[in-house]
Amino acid sequence: MRKFMMLVITALTLVTSSAFASERAEKGWQWIDQGAIVVDVRTPSEFNHGHLDSAINYPLSELEQHFATIEKSTAIVLYCRSGNRSEQAYRYLKAQGFSNLHNAGGLNELLKTKP
């Protein structure tokens, strides 16, 4: 019985996290369709191995210099490989006063939900 409960909990966790992942990616596509700037915060090497067509590459380690000239109310969609670095970028930019940001998660996540 204990193994069964663990399987159920694991399955529910996967479904819940998967649903959240597709929700944030779908919302990202909505923002992109509405004209948001799309920023890939992965390394240049990762970017060169594949990225969204409309994306610009501003690696997480270089955010300060790239966002210095962008209006803080600009709609911006962030993504990376898994959603972790884009979440870090989101928090950093929020702290810098950017007010119109969305973390769309990972590249594969976005590609799986592309309309």
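Let's start with the rings. This structure holds two aromatic pairs. The term covers rings of Phe, Tyr and Trp (for Trp, its six-membered ring) with centres within 6.5 Å; planes under 30 degrees apart count as stacked, over 60 as edge-to-face, and the rest as tilted. Take Y58 and F67. Their ring centres lie 5.5 Å apart and their planes stand at 80°, so this pair is edge-to-face. Y58 and F67 are both buried. Buried means under 20% relative accessible area, exposed means over 50%, and partly exposed is in between (1.4 Å probe, protein chains only).

A word on the source. This is a predicted model, where local features need pLDDT of at least 70, side-chain atom pairs count only at pLDDT 80 or more, and totals for chains, interfaces and linings use all residues. Residues are numbered from 1 along each chain as its sequence is written, and side-chain values use heavy atoms, with hydrogens and water left out.

Back to F67. F67 also forms an aromatic pair with F98, edge-to-face, at 5.5 Å centre to centre and 85° between the planes. Where do F67 and F98 lie? F67 is in the loop between α3 (63-66) and β3, and F98 is in the loop between α4 and β4, so the pair ties together parts that are 31 residues apart in sequence. Those labels come from DSSP runs, numbered from the N terminus: helices are H or I with at least four residues, strands are E with at least two. F98 is buried, and so is F67.

Strands of a sheet pair through backbone hydrogen bonds, either parallel or antiparallel. Here, two strands pair if DSSP finds at least two bridges between them. What is the order of the four strands? The order is β2-β1-β3-β4, in an open sheet with parallel pairing. At the edges stand β2 (55-57) and β4, each with a single partner strand, so one side of each has no neighbour in the sheet. Neighbouring strands of this sheet are turned by 30° against each other on average, direction ignored. For such angles, axes are lines fitted to C-alpha atoms, for helices over the stretch in contact, and angles run from 0 to 180 degrees between N-to-C directions.

Now strand by strand. Strand β1 (residues 37-40) pairs with β3 in the parallel sense, over four bridges. In that pairing, D40 stands opposite Y79 in β3. On to strand β3 (residues 76-80) and β4. They run parallel and are joined by four bridges. C80 has G106 in β4 as its bridge partner.

How buried is β4? Six of the six residues of strand β4 (residues 101-106) are buried, so this strand is largely enclosed by the rest of the structure. β3, helix α4 (residues 84-95) and β4 make a right-handed β-α-β unit. Right-handed means that, with the strands pointing away from the viewer, the path from the first strand over the helix to the second runs clockwise.

Last topic: charged side chains. A salt bridge is a side-chain nitrogen of Lys or Arg within 4 Å of a carboxyl oxygen of Asp or Glu. The count comes to four salt bridges. I'll show some of them.

One of them joins R24 and E109, at 2.7 Å from N to O. R24 is in helix α1 (residues 2-33) and E109 in helix α5, so the pair ties together parts that are 85 residues apart in sequence. Helix α5 covers residues 107-112.

Another is R85 with E46, where the closest N and O atoms are 2.8 Å apart.

The salt bridge between R91 and E87 is 2.9 Å from N to O. Both residues lie in helix α4, four residues apart, about one turn of the helix. R91 counts as exposed, at 59% relative accessibility. E87 is partly exposed, at 26%.
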